[in-house]
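Biologist: I'd like to learn how to read a model like this one. Could you take me through it feature by feature?

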Amino acid sequence: MLLLLQPHPTSAAEDVHKISVEASRSAGLLRLRFIVEARLDRLAIPPPALPRRCENLWQHSCFEAFVRAEGRENYVELNFAPSGAWAAYEFEGERRGMTEADMEPCRIQTWSDSGRLELSAEVERLPYGEPWRLGLSAVIEHVSGRLSYWALLHPSDEPDFHHPESFILALP
């Protein structure tokens with residue numbers, strides 16, 4: 001099932017036609033596939049590099065998943081860059097108590113052609129029980145340096161992927 005991400009109303013996203021995502025889970029493995037249909041020549045997409053943990057990925061083009069167990073306040077934020085860089089953070093509650101998540105490296109694969117970019121990511125051993133609630137999002141950097149913000153749901157006036165109401169996808 002493909003889910004569509006929506007641009008935040010304050011984000012100009014004229015170079016991006018559509019962003020969709022597939023998400024699945026088996027045991028502690030999360031699989032995600034983000035698909036961007038856009039004028040890629042107008043977007044700032046980092047070139048492939050060696051996979052590594054990296055800070056501040058959200059300041060450029062990246063894809064994100066926010067994962068929490070049903071009924072809990074604590075959650076994990078996962079960031080995936082088209083370059084192969086990734087980040088993982090744990091939070092005690094909404095934007096509170098952030099620490100670097102102790103987890104295995106994320107596996108990321110990226111593919112693109114003239115009008116389509118795909119990023120697949122696999123994350124093992126996420127620390128939460130069943131079922132999961134996810135918030136899925138993307139930050140897209142345009143060659144001008146402008147950022148557009150995409151999510152399944154934008155519950156506030158400003159882009160805020162940490163908002164508790166944005167965790168709308170249930171994965172059993």
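Modeller: Let's begin with burial: buried means under 20% relative accessible area, exposed over 50%, and partly exposed in between, using a 1.4 Å probe and protein chains only. Helices (H or I, at least four residues) and strands (E, at least two) are DSSP runs, numbered from the N terminus. Here β6 is mostly covered, with five of its six residues buried. Keep in mind that this is a predicted model, where local features need pLDDT of at least 70, side-chain atom pairs count only at pLDDT 80 or more, and totals for chains, interfaces and linings use all residues. Residues are numbered from 1 along each chain as its sequence is written, and side-chain values use heavy atoms, with hydrogens and water left out.

Biologist: Which strands does β6 pair with, and in what sense?

Modeller: Two strands pair if DSSP finds at least two bridges between them. Strand β5 (residues 75–80) is joined to β6 by six bridges, running antiparallel, and Glu 77 sits opposite Tyr 89 of β6. These two strands make a hairpin with five residues between them, and Gly 84 in the turn has a positive phi of about 105 degrees. On to β7: β6 pairs with it over two bridges, again in the antiparallel sense, with Thr 99 in β7 as the bridge partner of Glu 90.

Biologist: What about phi in residues other than glycine?

Modeller: Most residues other than glycine have a negative phi. Asn 56 has a positive one, near 60 degrees; its place is in the loop between β3 (29–38) and β4 (62–69), and at 37% relative accessible area Asn 56 is partly exposed. Arg 95 is not a glycine either, yet has a positive phi of about 60 degrees, and lies in the loop between β6 (86–91) and β7 (99–100).

Biologist: How many disulfides does the structure hold?

Modeller: A disulfide is a covalent bond between the sulfur atoms of two cysteines. The cut-off used is a pair of cysteine sulfur atoms within 2.5 Å, and the structure holds zero of them. Cys 54 is in none, the nearest cysteine sulfur being that of Cys 62, 11 Å away.
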